[in-house]
Amino acid sequence: RVVELIARAGLPTAVRGISPQQFTVLRGRDKKAAAGRTRFIVLDRLGAASIRDDVSSGDLTDTLATAG
């Protein structure tokens, strides 16, 4: 349901055009990065989000490798 809503809003629902390695380099430049860690805004449920910085580089690389 969430993916469908995102698609209907015209937003991307898959990772395309960037390798996991490129993402690793670029995420360090993100405005949410602090103290060498990337912070992510995670939707816990509709209407409730949290800021997380405990996502490992390996998890990110694995996710990007399968999300395309």
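The largest pocket has a volume of about 380 Å³. Its lining comprises 13 residues, and those closest to the pocket centre are Phe23, Phe40, Leu60, Thr63 and Leu64. By class, the lining of the largest pocket splits into 9 nonpolar, 2 polar and 2 charged residues.

The model is predicted. The chain has an average pLDDT of 82. A score of at least 70 is reached by 97% of the residues. Strand 2 (residues 48-52) has the highest confidence in the chain, at a mean of 92. Helix 3 has the lowest, at a mean of 78.

**Overall fold**

The chain holds 3 helices and 2 strands. Along the sequence they run α-α-β-β-α. The C-alpha atoms fill a box of roughly 35 × 30 × 20 Å along the principal axes. Among contacts with a separation of 6 or more, 30% join residues 24 or more positions apart.

How much of the chain counts as buried? Of its 68 residues, 9% do. The chain exposes about 5400 Å². Carbon and sulfur atoms supply 55% of that area.

**The loop between helix 2 and strand 1**

Two of the residues picked out here sit in the loop between helix 2 (20-27) and strand 1 (40-45): alanine 34 and threonine 38. Is threonine 38 buried or exposed? Threonine 38 counts as buried because its relative accessibility is 9%, under the 20% cut-off. Setting aside residues up to four places away in sequence, threonine 38 touches Arg27, Ala33, Arg52 and Asp53.

Alanine 34 has a relative accessible area of 33%, so this residue is partly exposed.

Valine 3 is placed in helix 1 (residues 2-8). Valine 3 counts as exposed because its relative accessibility is 52%, and the cut-off is over 50%. Leucine 46 is 43 residues away from valine 3 in sequence and 13 Å away in space, C-alpha to C-alpha.

Alanine 65 belongs to helix 3. Its relative accessible area is 58%, so alanine 65 is exposed. What C-alpha distance separates alanine 65 and proline 20? The answer is 6.5 Å, for residues 45 apart along the chain.

The accessibility values are set out below.

| Residue | Relative accessible area | Class |
|---|---|---|
| Valine 3 | 52% | exposed |
| Alanine 34 | 33% | partly exposed |
| Threonine 38 | 9% | buried |
| Alanine 65 | 58% | exposed |

Methods: Residues numbered from 1 in each chain as written. Predicted model: local features only at pLDDT ≥ 70, side-chain atom pairs only at ≥ 80, totals over all residues. Heavy atoms only, no water. Helix = DSSP H or I, 4+ residues; strand = E, 2+ residues; numbered from the N terminus. Buried < 20%, exposed > 50% of the residue type's maximum accessible area, 1.4 Å probe, protein only. 1 Å grid on protein atoms, 1.4 Å probe; cavity = no way out; pocket = protein on both sides within 12 Å on 5 of 7 lines; lining within 4 Å. Points joined across faces, edges and corners; volume = space filled by probe spheres on them. Nonpolar A, V, L, I, M, F, W, Y, C, P; charged D, E, K, R; others polar. pLDDT = per-residue confidence, 0-100. Contact = heavy atoms within 4.5 Å. Areas by Shrake-Rupley, 256 points an atom, 1.4 Å probe, with all protein chains shown as cover.
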